Every structure is written in structure tokens, then in C-alpha cells.
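Please consider the sequence and model shown here.

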Amino acid sequence: MGLLEELAAKQIERRDFVKFCAAVSAVFGMPKAFAKDIAFAAEAATKKPAVIWLEGQDCAGCSESFLATLNPSLAELLLGTISLRYHETVMAGAGAVAEEARLKTMEEGGYVLVVEGSIPAADDRFCTVGGKSFKEVLTETAKNAAVIIAAGSCATFNGGIPGASPSKGRGVAYFIKDKPIINLPTCPVKPARLVATIMYYLASGKAPAMDKLNRPLAFYGELLHDNCPRRGQFEAGHFLQDWNDPAQRDYCLLLKGCKGPKTYTDCAKVWWNEGANWCIGAGAPCAGCSQPEFYGGFSPLYDKQDIFNGVGKSVNIDTAGKALVGVAAVGAVVHGAGRLVLGNKDKK
Amino acid sequence: MAQKIKIDPVTRIEGHLGVTVEIENGKVKDAWSEGNMFRGLEVLLKGRDPRDASYVTDRVCGVCSGSHNWASALALDDAFGADVPDAGRLVRNLILGAMWLHDHPLHFYHLSALDYIDVMAVAKYKGNDPGLKAVRSKIVKLVQAGDTAPLTPRYAPDEWNVSDPELVTTAVAHYLQCLEIQAKAKRMAALLGGKIPHNASIVVGGTTMYPTMQTLDAYRGILAEVAAFVKNVYVKDVVTFGTGPLLKLATSNVGVSGLNYLSYGGFQNSSSKDDMLLPAGAILGNLGSIEKVDPEAITEHVAYSWYDGDAALQPAQGETAVNRDKDKAYSFIKAPRYQDKAMEVGPLARMLVAQNETLMGLVEKGVKPGAVARHAARALETLTIVDGVTKWLDELTGMVGKGDVKIHDDSKWNVPDSSTGKGLTEAPRGALGHWINIKGGKIENYQLVVPGTWNMSPRDKNNVRGPMEQALIGAPVPDAKNPNNVVRIIRSFDPCISCAVHIIEPKTNEILKFQIG
């Protein structure tokens, strides 16, 4: 088989996609049959579901993260699954052509709106697109959307990094109050989470079970710290102090500023870039980018903050782990209770 | 009669930028570049732990992800007095090198190619190649379903659009193939960076990623696939188009800037700071004459920018006080100048500074340093990066094999009470500099001068236009409703800011909105 033939076969075939649907269904804890609903929603519709993707105070990192998806392939997503009507970094059209595509889709209604980047609360003129403030663009585009997905740390909660600047970037929920908003924080958004959430919504017509911060429990239901492969080192009081020491390579990163004990995300179990690695796997402390405290409340990033006092206060092998276990246990209980409450709420 | 055109938004670039052009007799007579977003990252860093800077500034751009992280770490290394060990330097090079291998092909296929090909010609493909037939049937299916987003809507093709069905179908097949290749190159960078975009492992003093043989083997495996694509597909496509259907455009003056070019140099090859894979140098009007870069000659003007004041300050003394009501100002972008000259930065600048043999050969044959040459330079540079990455990977593998791995200067991890530093390097899009002042153990001032600022800058206080503004002048725009050449030129710079361009009819002052494809 020639290279092109191989490529074409890969792009055209649905096998990978169906596999992906099964994975989506599993991650949200749905029965196997749900995978068929997802595949059906994507394939049987005479029209592919429309998606409008807006960028506010962003770095295009969430777009790039979306472009990093390998399973399902991006070609499959773009040509076979969703109809990406407006996306400034990808679409062919620009200027009025782009604007018209957005307006036309808005008229049709019922689209998925993905928002990347924050919205400046200090001055609307800090972010304008096509001569309009981004806030205005967002507000008008939100009107006829079926659902809004706030993708990445900037579009959620306190606006991530721009949230700490004088521009006072804020997440979508600060401006849009009358629509369902699904928050998918992390810097950037995890591509599989985003695609799975879109697929879930299309198949079921509703948001998946979420925590009180509107984050899907499937991805944000557990404390990173509880699942960290370095948790054993933490318990043993082994804290990394020198990155050069091979013996310390897998030590707990708390003293290097790790925010894992306060961060809800599945990063410890589901790594980035199709399982290539993750921050802690690369020896870097978790910056807590899925939390509302990110970034301002979690600075400094590379030093243990006061809010972690009692956690890893001493690096004495005999005592440090013991001091920490208490704190972690409280976290686990709170987390468990939170989940129970949310579970009940979902049933209503 | 002159017309003004403004395109908004210019897509397939990163960020928010507006470009207005004045058209007279079917040609661009004047141009204004307008940056439309302010996030204030420099300001928010004030008073914070200096080590945060490399993490925060990495978020300046998610496309050339890691470049700011790298420049910032270099500035911090300088300020902290850290001496990055060889393995740390190599890990940094391998993360960034992989990101360049993602970035350049992505720019060509996904951000630019649609400017040069008439996608719908795919439907006319009559050949028998099974792969291309499959691509055709895929596109035809989309057409039949009445939904060809995101390939449409678009500008109407003009005389420069390639519409040969065989060429176009091959290009679309490669567009699809490259979707996967660029994702794999990111994966390669993530092996050492933790994740991409926004790697986690580059910090002051070196890196946090202790490389293992297993990781390096995985990296090598993906590199082989990506390198094969670069050599056998990407570079060949650029040559095929550049020397074929686009030759006339390549030898025209379309998109030539002011013939001043700057490279800080990037990718330290050995422990010597002067030994760079991509050499440093400045070209001031004469393509054959390379001068040594003097960082002291860099200033930033704000006469036409939405910031207080009009003094041209050196970055180390730079100020960022927003004034959105300032008279005459039309951009959030400052205007960096070198010896008061507007300098083009990026792959074309670097390959000219390096006097790349292939590129210089093309220039001798009449290819002008314009829009097409920028794509050629980018492809040639990608080959250079493939060679660099391969060499660094071998070196690091040797070190790991011997167990001789030191990745971080931990003796300099603690923040100095008071210091200054600068980090000058190259991002895929051009020369990138970070400057830091530390006082009382906190960041007192932080300034970035980024490639987009050099290339997309507005006028300075001497009314000198920025390089992209200059490059637009003279561009043929026979149909003001289809200013294809304008966006081709804008995109050839690989801008890192969203752009906007409108069309104003001067008689009525009516703003006409135009389709930019």
C-alpha cells in the first residue's frame, strides 16, 4: 500500500472513531450501548453538528491542544464528525467571510460554542475582534448556543493567568448567566476531554455529571494527589530537592511548589499527548491549573506556599510523611462527601 | 482613487491583529498594523517570585509553545548566574527543536496553503492514485452534504491560486497527513516537556526532566517519522510550488520588507554561548553583509501604540502603561527598532543571516525575499533543525548511556536579592528577547520583545513603518473585494497575533467588509 493510500484508508475508515466512542462512553460511566448513540449522533445526522469556537484573551494554546489530538484523528474530527464553522486559527475564510459563517450558524441555532481565553472585565477594549469587544461577540454568539464549553483555565473561573493581570480577565460564567456552561479547565484544555464532552453532549443532549464548579466529574472528580504515582514517596517523607540526583527522581515535589494536594484533575492517571508524559512525570510541580486559585492564588509556583503549611513542613524522613497523612486524609473525606452530594444532585 | 481596506478578523494566525491597507490603482499604497489584545502579562509579573516568569510567559503563545519559556529561563539563568549543565541544555534543545518541527510544517499546510490552492479543484481530480481518489471522494462527500467547513467559506481564487487538480489533491492529502505529523511532533516534545502545549520542565538553571534511555528511544522513533515527512513531503511541496506555479510570485517584489534582518541566534550547540545552530547577526540593507548584533542598539517606540509616553526606551528600562485613549495610536503592539531601523525577524531573516546556501542560490536566480521566499526559508530551516535535533539526541543518549547526566544547576535555585538578566533567543517566528529586573527577591520589571512585535510593529516616532507594513506596500490587489495578496503577505510572516483588515470607501467613508480567505 502506498503512503497516500494508507493515509486515505486511515482517514476514511470509521474503526478508530467507533473505538473512540466506546472510550467516551466508558469515561463518563455510561453503559456500552451509549457508544452507539454517540456514533449515531455523529454519523447518522444529515448535518454534522455545528461548532463555533471563539478566542478571547488567549494564546491559542487550547486550539493547539485540540490540534494535538491523535485518537480520534483530527482529520476524522474536522472532516467527518463536527462542522467547525468558525475557528480563527483553522478556518479558511477570514474577515467578512469568517464573520458571515459565524452569523449564519448563529441564525441556525443549536450549535456547540467553545470559548477559549478570558474576557477582560477591566475594559472591553482590551480585547476586540472585528472592531467589536470580545464581550459583545461572546454575548451575541452565546444567545443561540445549545451549550457552552469553557475550554482551558483562562475561559473558566477567575480567568487563569490574565485573571491576575490588570486587564482582569474572567471566565465565561462571569458574563453568561442563562446558559448551561461546562467548565474544562487546565492550561491548556486536555483535547480528549474536550472532544469527549462535545460527543457526550451531542449524544445525550445534556451536560455530563458535574461538580459544583461545573466540571465533569469524569475528569475532575478526584484529587490529583490521591492518584499521584509519587504518593508513596510523599507518605515516606521523600521530597525532591535536587533534580540531578537519580535517587530523588521520583520523589514528591511538594517542596518544589506542587499544588497536587489541592488540585482536582485526572492528570495523574490520564497523561498528556496520548499518554506521552505529564508535568509531574517530567519532574515539574503541578501548578494547579484546573483550580479557581490558578494562577494568582497559587503563586509562587515553585515554592511551598503558606496554604500548604502542615503539608511537608519538614523533610525529616521520620516525621514529614506522618504530618502530611493527616491533611491528605481530610482531603479525601471532603472529596468523597462532595462526590456523594453531587451524585444526588444529578439524580434530581 | 484610493480605497482603504480593513480585514477583520484575519484568520489562521495566532492572536488578534488588525491590518488596514490603502489601495490605489490596484496596488497597496500604505498600510497600518493594529494589535487588538492586551493581557498584561508583563505587568502581572511585577512583585512576584522571579521563577514564576518562565511558567507565566510560556503562556504568551500556545503555538510556538515553549519559546517564551526558553527565553525566560535564559533571562533567569542570566539573572541568577546559573550555569546550565550540558544535559539540561540538550533537553531544552530537544523540547524546542521538536516544537519547531511541529510549528513550521503546520504553518505551511494548515495556516498558509489554503492561500495558494483552490481546494475545490480536488473534485476535478481524474487520476488513478487510490489515495488521491479517496481524498477526492472525501471532499466530494462534504460538498454533496453542503457542509465543507472549515475549508469554506473562503476568498474567491485569483490568478495566483493553483488549480491543477493533481497538485491540489496532493496538497490536500498532505494537509491531512500533516495534521497527524504536527500532533506527533508535539508528542515528541511532550516526552521531555511533560505536556504540549505549555511544557512544564524548563526552569531557571536547566530542566526538571531527568531523561532515560526509554524516553530518548521513544523520541527517536517519532523523530524518524517526522524527519521523513519534512524531507520527503514538506520540503518537496515547497519546492514544487515555489519553482512551479508560484515562480512568478516568487520572483516578484510581492511582500518584500525593508531589507533589514535580525537574528539573535538560537539553539546553543555546545557549552560555548557563541556556538549556535542558528547564528546571530544583523543585515542592514545588504543581503551579503552580516553584522554582529549589539543588544544595546534595541529600543522600543510607543509613539503610535496605546501606551503612555513617546520615548524610545531600551527593553531593560521599558514601561508598559496602557493608555487606550492616546491620540494617533492604533495598536497594542510597540515598535521595536535596531539602530532605529525596523528589522524583519523570522526564518527568512535567520536563513539570510546564516547565508544558507540553497536560499542564497535562489536569491541569485532572481527569487526576491518576499512572501514565497519566507515559505522556502522556513522549509530550509526545518531541515537544519532536523539535523540539529538528531545530533543533540545522539549526544544526550551518549551521556545517559554513561550515566553522566546533570540537568540542573541547583546551586542557583534560590532567588537573588537583586539582579538583572536578559534572554535572547529565536522562536519559530523570529528573534525573541526577555528582560528581567529583580529587586528585594521579587520581579521589579519584566519586558518581552517578541517576533510579532518586530514584524507587525506600527510606525515609530520617526514615522518609519514596521516590516509587515512595508512589505504590504506595492502588493497587487486588482480586486479590492478579494485582497488575496494582502493576507498572503500577512500570513507569510507567520504572525502571532489575530489580524483585522476593513475596506473603507473614502468618498462615502463607508466601511465595506471583505472576505479574507
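By about what are Glu395(B) and Lys391(B) separated in helix α11 of chain B? They are 4 residues apart in that helix, which spans residues 371-402, and so are separated by about one helical turn. The model is predicted: local features need pLDDT of at least 70, side-chain atom pairs count only at pLDDT 80 or more, and totals for chains, interfaces and linings use all residues. Residues are numbered from 1 along each chain as its sequence is written, chains are lettered from A and ligands numbered from 1 in the order in which they are written, and side-chain values use heavy atoms, with hydrogens and water left out.

**Salt bridges within chain B**
- Over all chains, the structure holds 39 salt bridges, each a side-chain nitrogen of Lys or Arg within 4 Å of a carboxyl oxygen of Asp or Glu.
- Glu395(B) and Lys391(B) form one of them, at 3.4 Å from N to O.
- Glu395(B) is partly exposed, at 28% relative accessible area, and Lys391(B) is partly exposed at 38% (buried means under 20%, exposed over 50%, partly exposed in between, with a 1.4 Å probe and protein chains only).
- Asp460(B) and Arg337(B) also form a salt bridge, with their closest N and O atoms 2.6 Å apart.
- Asp460(B) lies in the loop between α12 (451-456) and α13 (467-472) and Arg337(B) in strand β11, so the pair ties together parts of chain B that are 123 residues apart in sequence; helices (H or I, at least four residues) and strands (E, at least two) are DSSP runs, numbered from the N terminus.
- Both Asp460(B) and Arg337(B) are buried.

**Salt bridges between the chains**
- Chain B and chain A share 4 salt bridges.
- Asp325(B) meets Arg125(A) at 2.9 Å, N to O.
- This pair joins two chains, because Asp325(B) lies in the loop between β10 and β11 of chain B and Arg125(A) in the loop between β4 and β5 of chain A.
- Asp325(B) is exposed at 58% relative accessible area, whereas Arg125(A) is partly exposed at 31%.
- Glu64(A) and Lys186(B) form a salt bridge at 2.6 Å, N to O.
- A network of salt bridges links Arg85(A), Lys104(A), Glu108(A) and Asp147(B).

**Extent of the interface**
- The contact (heavy atoms within 4.5 Å) takes 93 residues from chain B and 89 residues from chain A.
- About 7,800 Å² is buried between the chains, 61% of it from carbon and sulfur atoms; buried area is the accessible area (1.4 Å probe) that two parts lose on being put together, summed over both.
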